[in-house]
Every structure is written in C-alpha cells, then in structure tokens.
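Dear colleague,

I am passing on a structure that I would like you to look over. My notes on what was found in it follow below the model.

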Amino acid sequence: MTIKKLDTLLPGESGYIHKIEASDKIKHRLSSLGFLPGEKITFIRHALTGDPIEIKIMGYSLGICRDEANKIEVTPIPQNKFLNTIKK
C-alpha cells in the first residue's frame, strides 16, 4: 500500500485519508471539516502561487494551505488511464 502526502497529489487525483500527522488543534479543526480516516478526498487544483490548494471532500470543495495538506497522509486511488483518454 502506497501512502502519499495530500499536497503531492496531482490535480484530479483522489485518495482515501490514511491519517493526519499534526498537532491536536489542527487535527480537531480538520476533523470538524470532514477530514477523517477512510474519507475520500480529491485534489482539484492549486493557486498560481501553489498555495492554497482546493480539494473536494464529502461533496464540497474547500481550500486549505499546502502546509496543512502536507500533514495529511492519503492512500492514492489508481486512475484508469483508458478512461482519462476518453474524457479529453
């Protein structure tokens, strides 16, 4: 099983939250926003400067700073390359 940091995913890639390596204060804030182990998360895009990033979780889009995204470990969901070529 491969584990990656959320901020290393590419736009359009998804994964399941594995764990959050942060202080209790940050963990509490993120969990109140739906960042829970097992929850599916999708990297949508990043700002021109690279920070913040937009993600989709629990059906809504949310912006978080790259530093926080670096504290979130995800198990990437393999993408079907054939389906990606059809969408283009």
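Five bridges join strand S2 to strand S6 (residues 72–76), and the two run antiparallel; strands count as paired if DSSP finds at least two bridges between them. Within this pairing, Ile17 has Val74 of S6 as its bridge partner. S2 is also joined to strand S3 (residues 40–46), again antiparallel, through three bridges, and there Ser14 stands opposite Thr42.

Please keep in mind that this is a predicted model, in which local features need pLDDT of at least 70 and side-chain atom pairs count only at pLDDT 80 or more, while totals for chains, interfaces and linings use all residues. Residues are numbered from 1 along each chain as its sequence is written, and side-chain values use heavy atoms, with hydrogens and water left out.

The protein chain has three helices and six strands, where helices (H or I, at least four residues) and strands (E, at least two) are DSSP runs numbered from the N terminus. Along the sequence they follow the pattern β-β-α-β-β-β-α-β-α. Of the 88 residues in the protein chain, 32% are buried, that is, under 20% relative accessible area with a 1.4 Å probe and protein chains only.

Leaving aside neighbours within four places in sequence, Leu6 is in contact (heavy atoms within 4.5 Å) with Ile41, Phe43, Ile55, Ile64, Ala69, Ile72 and Val74.

Asp7 is buried yet has no salt bridge, and the nearest side chain of opposite charge, Arg66, is 4.3 Å away; a salt bridge requires a side-chain nitrogen of Lys or Arg within 4 Å of a carboxyl oxygen of Asp or Glu. The side chains of Asp7 and Asn70 are, however, joined by a polar contact of 3.3 Å, a term for N or O atoms within 3.5 Å, where within protein one must be able to donate a hydrogen and the other to accept it, and residues adjacent in sequence count only if both atoms are side-chain atoms.

Best wishes

Technical notes
Buried < 20%, exposed > 50% of the residue type's maximum accessible area, 1.4 Å probe, protein only. Lys, Arg positive; Asp, Glu negative; His and termini not counted.
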